[in-house]
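Here are my notes on the model you sent. Please read them with the structure open.

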Amino acid sequence: MSKLTDMLDKYRKSGSIGMKVGIMADKTYPDGMKVAHVGWINDQGAPHAHIPARPFFRETVFRNQAVIPKMVAALLKNNEPETVLRLVGEHMVGEFTDAVMTWKDPPNAQSTIDAKGYDAPLRANDKLLRNSFSYEIEE
């Protein structure tokens, strides 16, 4: 039996293990607004509030759809399933953070640039959105 088969058999026998990655529900701004809600609004847009869609979350997931299965298969050859999930979680946290840090289009409205002092969609002085990505392993 191959090492990969052994690892998969161990995983199957150990029960279910999974992972959530993104902005967890407990993250809030000082005013009590959920960071996940702000992230969702930015990702989806809110036309009634003149907020254009900046699909950083959806595009990051899409961009990694082909990468993650290959990453998992390669990592399972030498690691326990929980370690694999941890490594994939850290990878995705980095991907989401990079998306927020590099997002440019559409640019901020001039009124937002005037208020912030710079044009950087998804980024604000409080750094809360970009520092709110994490993952949780669930058994």
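1. Start with the cover over helix 3. This is a predicted model. The buried residues of helix 3 are covered by elements that include helix 2 (35-44), helix 4, helix 5 and strand 2 (133-138).

2. Which residues of helix 3 are buried? Helix 3 spans residues 56-64, and Phe-56, Thr-60 and Asn-64 are buried there. These three lie on the same side of helix 3, because they cover an arc of only 55° around the axis.

3. Glu-95 belongs to helix 5. Set aside its neighbours within four places in sequence, and Glu-95 is in contact with Thr-60, Arg-63 and Asn-64. Two of these contact partners, Thr-60 and Asn-64, are among the buried residues of helix 3.

4. Glu-95 and Phe-57 are 38 residues apart in sequence. In space, their C-alpha atoms are 9.3 Å apart.

5. Next, helix 4, residues 67-76. Ile-68, Leu-75 and Leu-76 are buried in helix 4. They cover an arc of only 95° around the axis, so they sit on the same side of helix 4.

6. How do helix 4 and helix 5 cross? Helix 5 covers residues 81-102. The two axes come within 10 Å and cross at roughly 145°. The crossing of helix 4 and helix 5 is right-handed.

7. Which residues make that contact? From helix 4 come Val-67, Ile-68, Met-71, Val-72, Leu-75 and Leu-76. Helix 5 supplies Pro-81, Val-84, Leu-87, Val-88, His-91 and Met-92. By class, the contact of helix 4 with helix 5 has eleven nonpolar residues, one polar and no charged.

8. Now the whole chain. The protein has six helices and two strands. Along the sequence, the pattern reads α-β-α-α-α-α-α-β.

9. How much of the protein is buried? Of its 139 residues, 32% count as buried. The accessible surface comes to about 8600 Å². Carbon and sulfur atoms account for 57% of that surface.

10. Last, the contacts across the sequence. Take contacts between residues at least 6 apart in sequence: 61% of them join residues at least 24 apart.

Terms used
Residues numbered from 1 in each chain as written. Predicted model: local features only at pLDDT ≥ 70, side-chain atom pairs only at ≥ 80, totals over all residues. Heavy atoms only, no water. Helix = DSSP H or I, 4+ residues; strand = E, 2+ residues; numbered from the N terminus. Buried < 20%, exposed > 50% of the residue type's maximum accessible area, 1.4 Å probe, protein only. Contact = heavy atoms within 4.5 Å. Areas by Shrake-Rupley, 256 points an atom, 1.4 Å probe, with all protein chains shown as cover. Axes fitted to C-alpha atoms, helices over the stretch in contact; angles between N-to-C directions. Left-handed = near helix turned anticlockwise from the far one by under 90°. Nonpolar A, V, L, I, M, F, W, Y, C, P; charged D, E, K, R; others polar. Arc of directions from axis to C-beta.
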